[in-house]
Amino acid sequence: MVRQHVNPLSRFYQLPRPLPAPAELFARAELPLHLDIGAARGRFLLAMAQGEPDWNHLGLEIRRPLVDAAEADRQALQLNNLHYLFCNANISLEGWLAALPPGLLQRVTIQFPDPWFKKKHHKRRVLQPELLLAIAAALAQGTALFVQSDVLAVIEPMLAVIEASGCFERPDGDARPWRAANPLPVPTERERHVLAQGLPVYRVLYRRNGLPPPPVALLEQRLGETLEQSPEAADNPANRQVSP
Ligand SMILES: C[S@@+](CC[C@H](N)C(=O)[O-])C[C@H]1O[C@@H](n2cnc3c(N)ncnc32)[C@H](O)[C@@H]1O
């Protein structure tokens, strides 16, 4: 049986796992790369890889049995523009992103991340400031970061850290506070489940701007100031303008 959640802060999941470079994962490593963080059983990425043969797709997942099952599907279909890797994205991804050839990473998706509702568990959430900065450093100007969730209390802190970085903007004309539709052609498993129940999904598509990522201490200071100055606004970052 696959566990529903694992604690990413437990000792086992804190061990760094070296991730193979794109040249070891894909037949045509030079193709634009889409990274899906928290890929679960991988069906979203499997369909994306079939629909976008001129992209490479990499799914990261902390529950190993799901990665093994997703890899078996990929091999059965002989897809060479798709791969799944077992790792804790908060531990193993930063160095891998820093070593990517410039311009390769063109899309990052973080969809329906585990909520970890209790305040004392917020450090288990996947989009921590360090990971956001590593993503920002690896994405070239104009490329995409797409986030979605059915839980406001989860997506709002994600928007807060993305926007406090100053590295991302919403495309002109995008609906606020939330996009009505998914910009990608394939819904995730969780998304299908939520939509089938008639529940709302909160989505934002960001584009990387040309500004350099700030040091992590500055990002954390900005987040703290946001909370201090305007607790109400901080409670609802979806309503804020993107930082210039
Ligand atoms: C609620 S599921 C959503 C799965 C999928 N994105 C979807 O929308 O159907 C979140 C997934 O993220 C994975 N996850 C949580 N923390 C992670 C981490 N630090 N690194 C990699 N994967 C993680 C979980 O194991 C889980 O499979």
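## Helices α5 and α8

The axes of helix α5 (residues 129-138) and helix α8 (residues 216-229) come within 10 Å and cross at roughly 120°; axes here are lines fitted to C-alpha atoms, for helices over the stretch in contact, and angles run from 0 to 180 degrees between N-to-C directions. The two helices are therefore oblique to each other (angles under 35 degrees count as roughly parallel, over 145 as roughly antiparallel, 65 to 115 as roughly perpendicular and the rest as oblique). Helices and strands are DSSP runs, H or I of at least four residues for helices and E of at least two for strands, numbered from the N terminus.

On the α5 side, P129, E130 and L133 meet V216, L219 and E220 of α8, where contact means C-beta atoms, placed from the backbone, within 7 Å. This contact has 4 nonpolar, no polar and 2 charged residues. Ala, Val, Leu, Ile, Met, Phe, Trp, Tyr, Cys and Pro count as nonpolar, Asp, Glu, Lys and Arg as charged, and the others, Gly among them, as polar.

## Helices α4 and α5

Helix α5 also packs with α4, at an angle of about 20° and with the axes 9 Å apart. That makes α4 roughly parallel to α5. Their crossing is left-handed.

## The sheet

Next comes an open sheet of 7 strands, ordered β3-β2-β1-β4-β5-β7-β6 with mixed pairing. Strands pair if DSSP finds at least two bridges between them. At the edges are β3 (82-86) and β6 (168-169), each pairing on one side only.

Strands β5 (residues 144-149) and β7 (residues 202-208) run antiparallel and are joined by 6 bridges; Q148 has R203 in β7 as its bridge partner. Helix α6 (residues 152-164) lies across β5, β6 and β7, at about 160° to β5.

## Around the ligand

The ligand is surrounded by 19 residues, the closest being G38, A40, A89, T188 and R190 (near means a C-beta atom, placed from the backbone, within 6 Å). Two or more residues of this shell come from each of β2 (56-61), α4 (89-98) and α7 (189-196), and α7 gives the most, with 3 residues.

## Notes on the model

Residue numbers start from 1 along each chain as its sequence is written. In this predicted model, local features need pLDDT of at least 70 and side-chain atom pairs count only at pLDDT 80 or more, while totals for chains, interfaces and linings use all residues.

Definitions and conventions: Two residues are in contact if their C-beta atoms, placed from the backbone, lie within 7 Å. A crossing is left-handed if the near helix is turned anticlockwise from the far one by less than a right angle, and right-handed if clockwise.
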